[in-house]
Amino acid sequence: MVAQQHRAAKADPQDELAARLRMLQEVSGRGVRALARDAGLSSSSLSRYLSGQTVPPWTAVIALCRLLKRDPRPLRPLWERASNPLPAPPKTSRQVQPPAPPAGAPRPPRNDLPRDVPDFTGREAEMEAVLAAVETGRVVAVDGMAGVGKTCLAVHAAHRLAAGYPDAQLYVDLHGFTAGREPLDPDAALRTLLAALDVPSEKIPQEGGIEPLAACWRSELAHRRAVVVLDNAADADQVRPLLPGAGPSVALITSRNRLLGLEEVPPVSLDVLTPRESAELLARASGDPGGPDGRLAREPEAAAEVLRLCGRLPLALRLAAARLRHRPGWTVGILVERMAEGATEFDTAFAMSVRQLDRAQHRFFRLLGLLPGATFDEYVAAALAGVPVRAARATLENLLDAHLVQQPAAGRYRLHDLVRLHARRAGAEHDPPAEREKALGRVLDYYVHAAAAADAAVSYLPPVLEVSAGRPPAELPAFAGKHAALGWFGAEYANLMAVFEAAVAAGADAHVCELPRHMRAFFARRCGTTHLNVLFEHSLAAARRLDDPLQLAEAHSDLGFARYNAGRMAEADAAYQAAEPLVSRAGDARAEAELTMRRGYLRWDEGRVEEPLDLFRRAGRLYADAGCPTGTAHAIAYEAWAKLQLGHREEAARLARTVLDLPHTDPAWPPVLTARITLGVAIAQEEPDEAMAHLERALALAREDGHRHNEAWCLNCLGVALRQAGRYEEALAAHRQAFALLDELFEEHWKIHFLYGHAETCRLAGLPEEALRLHREALELAPRLGYRYAEALAREGIAAVLDGTDPGAAAEHRAAGQAIRRELEPDARPA
């Protein structure tokens, strides 16, 4: 038995490795040839590996283990011993000692720097900033959130500087954010650094506190060229005594906090890697060979998910890469599954950053994880935490300095995805569900009331219903005018959508019912109109659950208007019919006037004549009864527009001038815009100069207002007026600009309003083929949208183009158009 143990102890590593490989073959159930083929090896080579004649390359061992889904790491020490056998020990029992250095010879310079990572990736601009700061000021502070690569950058820079600072390359971890350890005291840090310089103990002050030690340190550096890395500093007080004084030595500091107390030290703040750098680091750190044979290339969607889960943080990327590198049997998809299984190493890292916060700040940070949107401002943060805006601003500044919060733009904040995840987990652990529910409720309240305030600065009509959802926050942003309000909507758009979804999920029906109503004006100017249909569908369902007749009437009316703007005419009509009895029973003149106007738009586009005119006039009277002169002006402006389309130019011009004479403060007031367009087209033949002035002014106001639908409308009407004035080239240019705008807005259905005018300009400008194409586009679009009058115009337009070339086809189209006119209204509009 003793002899067997002795033989085992003396076993050749090459033989033992071969035996382990033969065990793998047995487990596989394959013959040598089949195993070699499946592993991508030659059968003769595999035979030599299995027999112990040859030590296989490590890549062959990995190939066999990957094929059989075994971890190769336990074989690595054995393979290394087999590949690099130790030389035979000397026959004498006396140990050979290395030669001692000559007496009095100087010790080599101290180099404590950690190993420079071989896969250092990106950071070109940051590295240049560090080196430039060292060259000019000899000290630089690198700050950033946990895992962003501060230490890696500082150590990499120190290695690059080492040749120029040959007397010492020192490194000390100050443990400012090390789990389970208190930050290193400056006294202990100084004594460590002085010992690293071989300063005799009798020269190091033992009494008098920190100042004599710091002076000794500065004195020793004064006659040396040394580079010192002060890693993981807690704050400015900890690191200040460690800085070099006079002399050439340099120091590189890293900290998760911005070291604001070191005013003379330039900061270099690190952000996450770029997407390209992240992908490159993951590939390099995982040992992926790249190309089509690499694991990352074979699973591009899973690789992209790894990058997303890592949040482009270098530490997270290296940890994920290490899992791939050491588990050759894993697919990238398996890595994604493991990474999504809960808490990670980063929870520990972030917990150390959060530990420096006081109780109120910690609560504030945890609550930030509840915010539904991507970015936020101090107002919503204050509402979330239930604190004054001034207190929220101060706490955000502290979190910003601690790199727990980022600031992508002035006044806007965000959490990195991994930080947000940590905040949510910490909140779930520390905050009762009722408190988190109340905080989210305050966020929903804030956004409904803030959207209402912004809408009031944009819309020219006061709301039919006041905000009833939740409680108004203590403080709201101040909107100096509509452009400031539109800017707020633009900055908050993604958040508003996220908040709406959160309100739907939480069953907050009042918020779901009211929020989209305050976004209509913004959508019309910036986002198009079709997406509003989805929001108002949810609003209608919420209004039904609230069982408030006026809320339900408004929800039906709003959904109908959204359907109308999306070109869904039959559905719009159904929604208006559902709203009408509810509005009548509510007895609210403003709500009834608004619904009446909307029904007038719909009836006009369907091709009716007398009914929409009556509706516009009735709406004007209702607005007057409700004491809303702006609404009355809007109704008169649309009555003028309808008169113009009917060919009553003089009456249209008279009504338009009536609106223009009304007092108002906003140059882009919608009734005035409509009146200018109407007047410009109405007098284009008789007063072309005045007409063009009105239309160009209307176009400038629409552009200034940022209302791109109105801009397209102005351009198209300018084209019509220019055509009437005989200026065909300019008219064609205006029409084409209008259609280019609609293409940018992806509002295909809006083209139905402009196709006839553009086609007529083409026909009169001598472009019959282009005119035919436009009329046929209208003929295809109109029946689908329910615009019967546009269909009649298109057929009559085709007839006008074909009169000289195909009289028979022209007659058929003209007859079809006239039939549609008779169907729509006995008193049909002239062509």
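**A look inside a predicted 831-residue chain**

H156 is buried, with a relative accessible area of 16%; buried here means under 20% relative accessible area, while exposed means over 50% and partly exposed lies in between (1.4 Å probe, protein chains only). This histidine is found in helix α8, which covers residues 150–161. Helices are DSSP runs of H or I with at least four residues, strands are DSSP runs of E with at least two, and both are numbered from the N terminus. Leaving aside residues up to four places away in sequence, H156 touches D116, F120 and M127, where a contact means heavy atoms within 4.5 Å. F120 is 36 residues away from H156 along the chain, yet the two C-alpha atoms are separated by 7.9 Å.

A word on how to read all this. The model is predicted, so local features need pLDDT of at least 70 and side-chain atom pairs count only at pLDDT 80 or more, whereas totals for chains, interfaces and linings use all residues. Residues are numbered from 1 along each chain as its sequence is written, and side-chain values use heavy atoms, with hydrogens and water left out.

Now for the chain as a whole. Its secondary structure comes to 40 helices and 9 strands. The radius of gyration is 38 Å, well over the 28 Å that the globule rule gives for 831 residues, so the chain is more spread out than a compact globule. That radius is taken over C-alpha atoms, and the rule is 2.2 Å times the number of residues to the power 0.38. Along its principal axes, the C-alpha trace spans about 125 × 75 × 55 Å.

Even so, buried residues make up 51% of the 831 residues. If we take the contacts between residues at least 6 apart in sequence, 68% of them join residues at least 24 apart. The chain exposes about 38100 Å², and carbon and sulfur atoms supply 53% of that area; the areas come from the Shrake-Rupley method with a 1.4 Å probe, and for residues only the protein chains shown count as cover. As for charge, the mean positions of the 98 positive and 109 negative charges are 8 Å apart. Lys and Arg count as positive and Asp and Glu as negative, with His and the chain ends not counted; each charge is placed at NZ of Lys, CZ of Arg, CG of Asp or CD of Glu.

Next come the sheets. Strands of a sheet pair through backbone hydrogen bonds, either parallel or antiparallel. Two strands are said to pair if DSSP finds at least two bridges between them.

Strand β4 (residues 226–233) has 8 of its 8 residues buried, so it is largely enclosed by the rest of the structure. On one side, 6 bridges join β4 to the parallel strand β3 (residues 168–173), and D173 has D231 of β4 as its bridge partner. Strand β5 (residues 250–255) also pairs with β4 in the parallel sense, over 5 bridges, and here L230 is partnered by I253 of β5.

The parallel strands β2 and β5 are joined by 5 bridges; V140 has L252 of β5 as its bridge partner, while V142 stands opposite T254. Strand β6 (residues 267–269) pairs with β2 over 3 bridges, again in the parallel sense, with D143 standing opposite S269.

There is another open sheet, of 3 strands, with the order β7-β9-β8 and antiparallel pairing. Both β7 (375–376) and β8 (406–409) stand at the edges with a single partner strand each, so one side of each is left without a neighbour in the sheet. The antiparallel pairing of β8 with β9 (residues 412–414) runs over 2 bridges, and A409 stands opposite R412 in β9.

Finally, back to the helices. S539 lies in helix α26 (residues 532–546) and is buried, with a relative accessible area of 1%. Residues up to four places away in sequence aside, S539 touches F500, V512, C513, P516 and A555.
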